[in-house]
Each structure stands twice: as structure tokens, then as C-alpha cells.
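Work through the exercises below with the model open. Try each task before reading its solution.

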Amino acid sequence: MNVLAVGAHPDDVEILCAGTLIRYRRAGHSVGICVLTNGDLGAPDGDKATIAAVREREARRSAEVIGARLFLLGEPDGFLFDSPGTRIAFAEVLREFRPDVLFAPDPNDYHPDHRAASAIALNSLVLAASPLQRTGSPAIDALPAVYHMDTLALVGAAPQRWVDISDALGTKLDMLAAHRSQNDWLRCTDGVDYLDYATKQARLRGLQCGTAAAEAFRAPEFFPIHRAGSTLPGLDDQGDD
Ligand SMILES: [Zn+2]
């Protein structure tokens, strides 16, 4: 399968979905990560172009950890909108990568860019499947199974599926550690070590499903919700048909 995860900022996907992506890679699937903004507000001071360049390097380093293909759409940080331009740009990513499974942020996550990324991801699906909307690549002929990622600190999330990432947590933390500028920044501003933060979230999701660590997901409530069969790693025993 081709598995695509989309986030607003260069480290979003890693925080909430990296363990699951690692499991897909270990099972031999192709993984793509699409980052919609350049993350150029992700520092307390400095030049925005320099910050964007640092964050691009960090995103590439992280993607290399699991051999994921990286798509960087370069929208300005803090100003991500579900617009004709962002829909067409993401529709082209869908057409190039042709995912069987798509992970998108939760529509109610705390950051406006995260909420916009969620809308762009889902609202581009129909465009990507419409041959009359021209982009660089031919229309997709099937919609992917879609899952929303967890929310940060689990606030307001209502997951339906848990993926055991006990054996992938170390690699997930390696990917997060690649985003060094963000960990340095959060440690200064919020007193938060985000490797520790991500570990706590994974441990708590693991507690809920009887594993050492987990990531949690839910499906959006619209038609078509899902492909038949199991599309998440390790779900054959969780009642998926
Ligand atoms: Zn973010």
C-alpha cells in the first residue's frame, strides 16, 4: 500500500502518527509525509527564511529515518487556509503519491493551521478524483481510507482504533529528535520536552488498549468512510472486517 500522512507543520505528523508509519514501513509499504506550511514561525526570534530552511532540513532528516517520501508545500506558517490553491496543491500530491490510506489531523485540534490542514486533506479528495480538474498528474481512481490522527494531549479526541507502537516508539522518538529546533524552543518557552510529551501520550494510549505504547485514530463521518478490510497495522484482531 501507499500510506500518506499530512500535517500543517514539519513535526506534526511525527508527534501523532510516526509510530504507525514506522509499522507500515516495516511491513513493506510505501510511506509519504506531506507538510503544508514551511514552519517559519517556529522559533522565538530570527529570520523567517532561515527558520524555514532549518525546519526543512529537520523534516528531511526525520523522513530519512524511515525512508518516507516528503512533500513540502511551503504555505506560510500561521496562515494556512482551505483555499482553491491549497486544495489543488494537495490534490496533486494525492495524484502523485496515490495513497491507499490517508492520515489527516483531527478537525478540532488546537491550532488553526491543524484545523485547516484537516479540511484541506479531506476537501481535496473529490478534486483529486475529478478528471476535469487538471493538475500535473492524472486523477486518482479510488479514494483512500481516511483516518484522523489524535489531538495533542488527547483533548476532545474520540478515537476508534488503537495501533500498538510498543516496538516503534524508539524510532518515533528518533524522528521527533530530528526536529531539534522545536524541542529546544518548546523547552525554553513551555518547559516541555516534546520527546517526553510524545512518550507520555503514547503510553496513555497504550494503557487504554493494553500495550506499552499506542497511537489512536478515528475515521471521518462521511461517505465513503472506508475501504473494506483492514488498513491499519495490526488490526486484524480488533474486529475490522
Ligand atoms: Zn503543528
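Helices (H or I, at least four residues) and strands (E, at least two) are DSSP runs, numbered from the N terminus. The model is predicted: local features need pLDDT of at least 70, side-chain atom pairs count only at pLDDT 80 or more, and totals for chains, interfaces and linings use all residues. Residues are numbered from 1 along each chain as its sequence is written, and side-chain values use heavy atoms, with hydrogens and water left out.

**Exercise 1. Find which helix gives the most to the lining of the largest pocket.**

Step 1. On a 1 Å grid over the protein atoms alone, a pocket is an open set of points with protein on both sides within 12 Å along at least five of seven lines; a cavity is a set where a 1.4 Å probe fits but cannot get out; lining residues have an atom within 4 Å of a point.

Step 2. Take the volume. The largest pocket holds about 490 Å³ of space. A volume is the space filled by probe spheres set on the points, which are joined across faces, edges and corners.

Step 3. Look at the lining. It has 21 residues, and Asp11, Tyr110, Gln182, Trp185 and Leu186 lie nearest the centre of the pocket. Helix 1, helix 6 (180-189) and helix 7 (194-209) each give two or more residues.

Step 4. Conclude. Helix 6 gives the most, with 4 residues.

Step 5. Sort by class. The lining has 9 nonpolar, 7 polar and 5 charged residues. Here Ala, Val, Leu, Ile, Met, Phe, Trp, Tyr, Cys and Pro count as nonpolar, Asp, Glu, Lys and Arg as charged, and the others, Gly among them, as polar.

**Exercise 2. Describe how helix 1 packs on helix 5.**

Step 1. Take angle and distance. Helix 1 (residues 12-26) and helix 5 (residues 169-178) pack at about 125°, with axes 9 Å apart. Axes are lines fitted to C-alpha atoms, for helices over the stretch in contact, and angles run from 0 to 180 degrees between N-to-C directions.

Step 2. Name the arrangement. That angle makes helix 1 oblique to helix 5. Angles under 35 degrees count as roughly parallel, over 145 as roughly antiparallel, 65 to 115 as roughly perpendicular and the rest as oblique.

Step 3. List contacts (heavy atoms within 4.5 Å). On the helix 1 side, the residues include Glu14, Ile15, Leu16 and Arg26; on the helix 5 side they are Thr171, Lys172, Met175 and Leu176. By class, this contact has 7 nonpolar, 2 polar and 3 charged residues.
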